[in-house]
Amino acid sequence: MNGRTPFVAANWKMHKTVAEAEAFAAALLPRVSDAEGVDVAVCPSFLALGAIVDSTRGSRVRVLAQNMHYEASGAFTGEVSPPMLAELGVNGVILGHSERREHFAETDRALELKMPAALAAGLLPVLCVGETEEERERGDTERKLRHQVQEDLSQVDSAQLGDVVIAYEPIWAIGTGLVATAEQAQEAIAFVRALVGDRAPEQAERVRILYGGSVNPDNAAELLALPDVDGALVGGASLEAESFAAIVAAAGRR
Ligand code: PGA
């Protein structure tokens, strides 16, 4: 027992209208009500956040946004701020997902500011890091992870490092069905934990580090049983309540 509560989050990306998200919540709640000892979260679009905060109230399911700006307010057309999310009752936010880095020019510089802004607003930040297939083949996986972890967490107080969640998501495994091997996942996640430990050894024991990339009900148990893997960030397999609940159950059995 390492004392870290497993965390399983559904990253819906740009899927599910408000009505579809509500139908999912209604199907999910009874399926996870007895998942003792697992933190469960869903990450709907901005538009469905309020409805899902309402429909999961009083349950074990937490609600996370998929992005936010670092400023509290200002002339940033199209953006959403940390206090706006907190006001809705949102519990946290995914930051630095590879799709945002690749398609929407999310930078490490912005993430440096977003991480402490989320914490200051009382939001749990889930920072995504990971290498491309090319970087892995070149032997640059550790260099990439070191760069992202050091830079993106640089403005987070050392004493607060254990309050963030990190998701190791190899980009080549996202949405491809090509899951990392147990050895690859364990090795990369232990490396990320050691990077946190370089700044604050006791926080490295607390920080939860998830695996993400083609997690499904068939491979979840093996990944979640790895000593450094504290949960999963699930995309495709989180779109159906039944398969997401099966992954939550696997986390509960670890
Ligand atoms: P996937 O997505 O499970 O569909 O690979 C994971 C993610 O992008 O967080």
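Which of the 13 residues around the ligand come nearest? Let's keep that in mind as we look at this together. One thing before we start: what you see is a predicted model.

So, to the question. Lys13, His97, Glu169, Gly175 and Ser214 come nearest, out of 13 residues around the ligand. If you sort that shell by residue type, you get four nonpolar, seven polar and two charged residues.

Now let's go through some contacts. Start with Lys13: one of the polar atoms in its side chain lies 2.7 Å from an oxygen atom of the ligand. Then find His97, where an N or O atom of the side chain is 2.7 Å from a ligand oxygen. Gly236 takes part with its backbone: a polar atom there is 2.8 Å from an oxygen atom of the ligand.

How much of the ligand's accessible area does the protein cover? On its own the ligand has 280 Å² of accessible area, and the protein covers 95% of that. As for the place itself, the ligand sits in the second largest pocket.

Let's move on to the aromatic rings. When we talk about two such rings, we give the distance of the centres and the angle of the planes. This structure holds three aromatic pairs. One of them is formed by Trp12 and Phe24, with 4.7 Å from centre to centre and 75° between the planes, which makes the pair edge-to-face. Trp12 is in the loop between strand 1 (7–11) and helix 1 (18–32), while Phe24 belongs to helix 1, so their pair ties together parts that are 12 residues apart in sequence.

Definitions and conventions:
Residues numbered from 1 in each chain as written. Predicted model: local features only at pLDDT ≥ 70, side-chain atom pairs only at ≥ 80, totals over all residues. Heavy atoms only, no water. Near = heavy atom within 4 Å. Polar contact = N/O pair within 3.5 Å; in protein donor to acceptor, adjacent residues only side chain to side chain. Areas by Shrake-Rupley, 256 points an atom, 1.4 Å probe, with all protein chains shown as cover. 1 Å grid on protein atoms, 1.4 Å probe; cavity = no way out; pocket = protein on both sides within 12 Å on 5 of 7 lines; lining within 4 Å. Sits in = over half its atoms within 2 Å of the grid points. Nonpolar A, V, L, I, M, F, W, Y, C, P; charged D, E, K, R; others polar. Phe/Tyr/Trp six-rings, centres within 6.5 Å; stacked < 30°, edge-to-face > 60°. Helix = DSSP H or I, 4+ residues; strand = E, 2+ residues; numbered from the N terminus.
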